[in-house]
Amino acid sequence: MSIINLYLIDMSHASNTSGVDRHVSTLISGLQDVANIQVYWIHLRNDGTLLFPKEEKIGHYVKYSIPLPQQYNTIIAERFWIRKYNEQVYRLIKHLFEGKENCIIHLHTLNLIDLAVYIRELTGCKIITHLHCIPWKGLYNSNKKRFNRLYELTYTNKNKAEKPNSEIY
C-alpha cells in the first residue's frame, strides 16, 4: 500500500488552548500506529515568542510552526494580502510537498481554506475540511444583547408560547 501524506493545517493563539488544539493532538497520536500515513502538522500560530518558522521532527510526524502576522484579522479581509501571505506560507513549506504523491490537506480552521486551495493549485493535493465550530458562532459571540436574549428565551422563559423576535436571528 502506498504512503498517504497527510497535512494537518490549523491556526491558534499562544494564550488559548482550544478544542481544535486538543483534537489535532489526539488525531496525531492516534495516527502513529498507521504505517502507511506520514503526518505533517502545519501550525500557524499567533505567538510573540515564535519569531521565525520552525520545523521539528517529533516522533512519527513533522511539525512546522509558522508565525501568524500580528494583524491577521485585517489581512484575511483583504484578498490581495491574504494571497500574498499564502504565497509566503507555501514558500516555507513547499519542500514538505515536493516529490510526494497521495497528498491530503486536512484543514482544522476554515479561515485557512484560501491557503489550502492555493496549495492545491500548485500540487494537485486533495482537501478535507473539518468543522470544529458552528459557522455562525461569531454572530452570537460578538453581540452580547442577542446572546442574552436567546439564552433567556431558551432557559428562563416561563411562557414557552412566546415567539422570539426575528431580529434576534
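The questions and answers below walk through one predicted model.

Biologist: How are residues numbered, and what limits apply to a predicted model?
Modeller: Residues are numbered from 1 along each chain as its sequence is written, and side-chain values use heavy atoms, with hydrogens and water left out. This is a predicted model, where totals for chains, interfaces and linings use all residues, side-chain atom pairs count only at pLDDT 80 or more, and local features need pLDDT of at least 70.

Biologist: Which pattern does the chain follow along the sequence?
Modeller: Helices (H or I, at least four residues) and strands (E, at least two) are DSSP runs, numbered from the N terminus. The chain has six helices and six strands. Read in order, the pattern is β-α-β-β-β-α-α-β-α-β-α-α.

Biologist: What percentage of the residues count as buried?
Modeller: Buried means under 20% relative accessible area, exposed over 50%, partly exposed in between (1.4 Å probe, protein chains only). The chain has 169 residues. The buried part comes to 35%.

Biologist: Which residues is F97 in contact with, leaving aside neighbours within four places in sequence?
Modeller: Contact means heavy atoms within 4.5 Å. F97 is among the residues with the most contacts inside the largest core. With those sequence neighbours left aside, its partners are Y7, I42, Y90, C103, I105, I119 and T123.

Biologist: D21 is buried and has no salt bridge; how far away is the nearest side chain of opposite charge?
Modeller: D21 lies in helix α1 (residues 19-31). A salt bridge is a side-chain nitrogen of Lys or Arg within 4 Å of a carboxyl oxygen of Asp or Glu. For charge, Lys and Arg count as positive and Asp and Glu as negative, while His and the chain ends are not counted. The nearest opposite charge to D21 is on R45, at 5.4 Å.

Biologist: Which residue meets R45 in a salt bridge?
Modeller: The search of the whole structure finds five salt bridges. In one of them, R45 has an N to O distance of 3.3 Å.

Biologist: Which residues are linked in a network of salt bridges?
Modeller: R83 and E87 pair with their closest N and O atoms 3.8 Å apart. E87 also pairs with K84, at 3.7 Å. R83 and E87 both lie in helix α3, four residues apart, about one turn of the helix. The network links R83, K84, E87 and E121.

Biologist: Is Y155 buried or exposed?
Modeller: Y155 lies in helix α6 (residues 144-156). With F147 and Y151, Y155 makes a nonpolar surface patch of about 380 Å². Patches are made of residues with over 30% relative accessible area and no salt bridge: like charges are joined within 9 Å, nonpolar side chains (Val, Leu, Ile, Met, Phe, Trp, Tyr) within 5 Å. Because its relative accessibility is 59%, Y155 counts as exposed.

Methods. Accessible areas come from the Shrake-Rupley method with a 1.4 Å probe; for residues, only the protein chains shown count as cover. A nonpolar core is a set of buried Ala, Val, Leu, Ile, Met, Phe, Trp, Tyr and Cys residues joined through side-chain atoms within 4.5 Å.
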